[in-house]
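Have a look at the structure first, then read on.

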Amino acid sequence: MLVEIVQARHSLAADAHLVSESRYAMGFGSQWRDLLDDTSQTLKDRGFRSIKLAPGGHEVPVVNDSLVYVWRVANNPNAVREFAASPTRKNGFMAAPLDPTLWEPSLSAEPEPGQHVTESELGPLLRAVGDTMPLVLVMVESTPRQLQSIQWAVAVLDGDGKVELRGLECIWKPEFIAADAASDVESFDSGVPVAPVVELQKQDRTPADG
């Protein structure tokens, strides 16, 4: 579901960037707020709750007692480490669990008979009991030309207020067909090269006057 949300928002943002004919990607990068809103609304429609982080008022969905923060990573090598530099985002690491309800929504259906179910690497990390909810950071890497990857991990703060990732997983990346296409091409270091065909053309020679 998260992959579908990100893909849909990326398509809209990429189209808007193309229509604007802008030389800069600042407008394209502003989709981070739409990603949050899209995720919250989709999960609300399925019965999940959300919280608003002060002071910015960002609405972040709660799934299985964990905050799910979908975020497009800025083109900065320290972007993830500096994720909590925003006071609003920093408050996401201090959110208390919501009061339990009689009915808890679920995203997963019952597995079919004989279906093998594997647990995500995030599972043990999310089961850690504490006074605050874990924050699952869904990181989107993209440019106006391409959606490059979607990863998620449990984000935690170190002693200096910097973000560390635990249980990092890639949940989507583009499928390249270049490797398959290249497999039919004969390697340059094997086989016998085919000599180019050169055809001589007849040229009319007109004797010079005199």
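1. A word on salt bridges first: I count one where a side-chain nitrogen of Lys or Arg sits within 4 Å of a carboxyl oxygen of Asp or Glu. By that rule there are five salt bridges. Do keep in mind that this is a predicted model.

2. Arg9 counts as buried because its relative accessibility is 17%, while Asp34, at 32%, counts as partly exposed.

3. Asp38 also forms a salt bridge with Arg9, at 2.8 Å, N to O. Asp38 lies in helix α3 and Arg9 in helix α1, so here the parts tied together are 29 residues apart in sequence. With a relative accessible area of 22%, Asp38 is partly exposed.

4. Then there is Glu82 with Lys162, a salt bridge between side chains at 2.7 Å, N to O. Glu82 is in the loop between β3 and α4 (87–91) and Lys162 in the loop between β5 and β6 (163–172), so the pair ties together parts 80 residues apart in sequence. Both ends are partly exposed: Glu82 has a relative accessible area of 36%, and Lys162 comes in at 25%. As for shared partners, salt bridges join Arg9, Asp34 and Asp38 into one network.

5. Which residues have the most contacts inside the largest nonpolar core? They are Leu67, Tyr69, Trp71 and Leu137, in a core of 22 residues. Strands β1 (49–53), β2, β3 (66–72), β4 (135–143) and β5 (146–157) each supply at least two of its residues. Apart from this one lies another core, of 14 residues, including Val6, Val68, Val138 and Ile150.

6. Glu59, in strand β2 (residues 58–63), makes a side-chain polar contact with the side chain of Lys44 at 2.6 Å. Beyond four places in sequence, Glu59 also touches residues including Leu36, Ser40 and Ile51.

7. Finally, some backbone spots to check by eye. Ala54 and Pro55 are joined by a cis peptide bond, omega about 0°, with Pro55 in the loop between β1 and β2. In the loop between β2 and β3, Asn64 has a positive phi near 50°, and Asp65 has a positive phi of about 60°; neither is a glycine. Asn64 counts as exposed because its relative accessibility is 61%, whereas Asp65, at 48%, counts as partly exposed.

Methods: Residues numbered from 1 in each chain as written. Predicted model: local features only at pLDDT ≥ 70, side-chain atom pairs only at ≥ 80, totals over all residues. Heavy atoms only, no water. Helix = DSSP H or I, 4+ residues; strand = E, 2+ residues; numbered from the N terminus. Polar contact = N/O pair within 3.5 Å; in protein donor to acceptor, adjacent residues only side chain to side chain. Contact = heavy atoms within 4.5 Å. Core = buried A, V, L, I, M, F, W, Y, C linked by side-chain atoms within 4.5 Å. Buried < 20%, exposed > 50% of the residue type's maximum accessible area, 1.4 Å probe, protein only.
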